[in-house]
Amino acid sequence: MSRSLVIVESPAKAKTIEKFLGPGFKVLASYGHVRALPSKQGSVDVEHDFQPRYQVLPESRKQIDLLKKEVEKSDELILATDLDREGEAIAWHLLKALDIDEDSSAPKVRRVTFHEITKDAIQKAMAEPRTIAKDLVDAQQARSILDYLVGFNLSPFLWKKIRYGLSAGRVQSVALRLICEREKEIESFEAREYWTIEARLESTGGQAFAARLFSVDGEKLDKFAISNETQAKELVSALIQENCQVADLVQKQKRRNPAPPFTTSTLQQEASRKLGFSARKTMSTAQKLYEGIDIGEGSVGLITYMRTDSVALSEVATTEAREVITQLFGQEYALAAPRTFKNKAKNAQEAHEAIRPTLVSNTPDQLKRYLSSDQYRLYHLIWTRTVASQMAAAILDATTVDIAAGPRFILRATGQVIRFPGFMKLYIEGTDDAEEAEAGSLPALALGEAVVRREVTPEQHFTQPPARFTEASLVKTLEEYGIGRPSTYASIMNTLVTRKYVRLEKRTFFVEDVGRVVNDLLVNHFAQYVDYDFTAKLEEDLDAISRGEEKWRPVLKDFWEPFIALLRQKEQEVSKEDVTTEKTDRTCPECGKELVIKLGRAGKFYACSGFPDCRHTEPLSAEEREEPVMSEEKCDKCGAPMLIKDGRYGKFLACSAYPECKNIQPLVKPKALGITCPDCKEGELMEKKSRYGKIFYSCNRYPKCKYALWDQPIDEPCPQCGYPVIVEKVTKRYGTYRKCPTENCDYKLVLVEPEKKEKAAPAKKAASKKPAAKKAPAKKAPAKKSGKDS
């Protein structure tokens, strides 16, 4: 009997697929990428046409050995990795790591892809094998090499000119620029005062409604027409002398269509807005829904592939949706023909479907008992968006009423009434509250009808600065510019936070001092490489490679030669002092020399320019701090606004009503990791900070559950004992490794070997025979960090 070995990326996916294939097939996981460019200089040979020097990843060696043994026992090798560029590259790397030629006859090599993990999709894919798409592999290789060339050349430049351990990434640096430029807009913003006048009116039927002053003496009022209180009060005084009646009434019927089904980007945005999920949490939860959940009949994939730019739905999906809509809402809510959508995203790759349920008849309520809270909420979001996209349009009556107040004034009221809710009965993008659309409805009014004026109120306003980027708005902006790929956005944002270039508070990005300095250096000296259009053009070049229209090596050469020439030039021109030191007009109180602003580990501070002779330092004054004083938080004890203050252990929130209220809270709230507590099985592990600033991880059900870890938990079971999580640890002695947190299990997997040190030359023998005095052991130098980044 012939035997086929199927290789996928994850064990969860392998388990789901194996049950659909039956005897004769064995499904194993590669555990993600198996080969990559080593995190060190020289991994790309630029002198020999950018030849990459891939190596099998240390954590993959054991699995590759296992796969080799299984291949020897198999007649057929089926590569069933994901259907995007990255999945295609993993399939190619697997063949290289296993030392198998694609044209081999023993075993015979096949490549299959599927956009959902269901029995029909798997069997169809197995019946339609193909070869590895080399153009997709080349595009992914080009992306990896580009990111390597930027990271491993620009990052060391930052180490020399700012400080060790910083990183620059091809897309990461552009995302940082977006955040920094928005922060500068906010800082330079000057608020402008303006006033509006609103009247509370009542129809002859006794129904109240509001109208706003629209025009005076035939002149339409623009936003700043009423610029001060005196002007506003004069208009109010004149207006209250007049009688009011309906002067004009316009009613229009409007049709409102639903939003398209989810792409990777729109899913991340909506999950952030509605569920409070980070992009990383959204993708990890979606991955589990895609790979398979046991719903009583074995593991089955519940959603289609979650890395997609497409807004298209298959005919099968639209047919299923129509049946579900008819059954749940009635025939009038279903469409006679499927609704199609056009993708507005730049550089969209629409090779497969939008993100949708694999079986639309699997309603969220039916699956709720099989899913975790996060899985249910995300599945509910995907299901409602998919079904709503195929529901009838909403029909609304939009009404505009002009109220004449004497010969001089026109007040305008607008509102809408939902005549037929259509898709809004199920889902509205941005808000799930259908009543919000009805909030502006107006009473029935007739032309010439007299209305009663109850009160007229002037209201002061100030223009607001642009809002800081949230995860959702940053993802949207990156996609609009065509920068990066939606599947990489989560890692890009995570890198910016991890490097402490920005901090994330309430899903809003705030720039840190070091992020500003890094961005200013890159914008001032490498403007082309953090330019939005240039970065988007590179994405277009990568797309062209994937379509076979461009070759990857010439694209790399066009990028590399001017880049490395500019970098070498800036190595000579830019000094560390120019980047990290700002001049001031203040003098040192100790020696009289000029005080300068320097960048330290904790941010910017004043230092004497006479260092090291004079070591005077002081914190920046409150006026010069870039941190806003007032936070958006309200005191949970007295309701007063909370202030952001600096303390011994860093920034914290303090009530502005001090000393009457002495409430304080941590500025950075515990961060959810999306990992179920392995002890109580109910709570979720959170990343927290101790009072001394050390990170630890504990259950959110504390004090009911006191489970805690000092090492970073990884949401993978221990391969040796099956414990629900393992941990990752970094030490100078053992390098980076993963281990089981339980005392009785000795599982350990080294990811990065510790840095080897050169042995010191043997000391010469002392002339005296007396024993030498013992010296305190010298501190070890910290292990070097790699400069590679996404």
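1. Thr-16 and Ser-299 are joined through their side chains by a polar contact of 2.8 Å, a polar contact being a pair of N or O atoms within 3.5 Å, where within protein one must be able to donate a hydrogen and the other to accept it, and where residues adjacent in sequence count only if both atoms are side-chain atoms. This is a predicted model, in which local features need pLDDT of at least 70 and side-chain atom pairs count only at pLDDT 80 or more, while totals for chains, interfaces and linings use all residues. Residues are numbered from 1 along each chain as its sequence is written, and side-chain values use heavy atoms, with hydrogens and water left out.

2. Ser-299 belongs to strand 14 (residues 299–300), where helices (H or I, at least four residues) and strands (E, at least two) are DSSP runs numbered from the N terminus. With a relative accessible area of 13%, Ser-299 is buried; buried means under 20% relative accessible area, exposed over 50%, and partly exposed in between, for a 1.4 Å probe and protein chains only. Not counting residues up to four places away in sequence, Ser-299 touches Thr-16, Lys-19, Phe-20, Gly-292, Ile-293 and Asp-294, contact meaning heavy atoms within 4.5 Å.

3. Thr-118 lies in the loop between strand 8 (108–111) and helix 4 (119–127), and it counts as buried because its relative accessibility is 14%. When residues up to four places away in sequence are not counted, Thr-118 touches Phe-20, Gly-301 and Thr-358; Phe-20 is also among the residues that Ser-299 touches.

4. Two packed helices are described by the angle between their axes and the distance between the axes. Helix 3 (residues 85–98) packs against helix 5 (residues 134–161) at an angle of about 100 degrees, with the axes 8 Å apart; axes are lines fitted to C-alpha atoms, for helices over the stretch in contact, and angles run from 0 to 180 degrees between N-to-C directions. That makes helix 3 roughly perpendicular to helix 5, since angles of 65 to 115 degrees count as roughly perpendicular, those under 35 as roughly parallel, those over 145 as roughly antiparallel and the rest as oblique. On the side of helix 3 the contact is made by Arg-85, Glu-86, Glu-88, Ala-89 and Trp-92, and on the side of helix 5 by residues including Lys-134, Leu-136, Val-137 and Arg-143.

5. Helix 3 has 14 residues and reaches 20 Å from its first C-alpha to its last, close to the 20 Å expected at 1.5 Å a residue, the expected span being 1.5 Å times one less than the number of residues. Twelve of the 14 residues are buried, so helix 3 is largely enclosed by the rest of the structure; among the buried residues are Arg-85, Glu-88, Trp-92 and His-93. After helix 3 comes Asp-99, which has a positive phi near 60 degrees.

6. Helix 12 (residues 373–388) has 16 residues and spans 22 Å from its first C-alpha to its last, close to the 22 Å expected. This helix is mostly covered, with 13 of its 16 residues buried.

7. Strand 17 (residues 450–462) pairs with strand 9 (residues 193–202) in the antiparallel sense over ten bridges, where two strands pair if DSSP finds at least two bridges between them. In this pairing Leu-201 stands opposite Arg-453. Strand 17 also pairs in the antiparallel sense with strand 12 (residues 244–256), over two bridges, and here Cys-244 stands opposite Val-451.

8. Leu-249 is found in strand 12 and is partly exposed, with a relative accessible area of 30%. Leaving aside neighbours within four places in sequence, Leu-249 is in contact with Thr-399, Thr-400, Val-401, Leu-445 and Leu-447.

9. Lys-557 lies in helix 18 (residues 552–573) and counts as partly exposed at 43% relative accessibility. Lys-557 and Phe-50 are 507 residues apart in sequence, yet their C-alpha atoms are 8.1 Å apart in space, and Lys-557 touches Phe-50 and Pro-562 when residues up to four places away in sequence are not counted.

10. Four strands form an open sheet in the order 32-33-34-35, with antiparallel pairing. Its edge strands are strand 32 (712–714) and strand 35 (748–752), each of which pairs on one side only. Three bridges join strand 32 to strand 33 (residues 726–731), and the bridge partner of Gln-712 in strand 33 is Glu-728.
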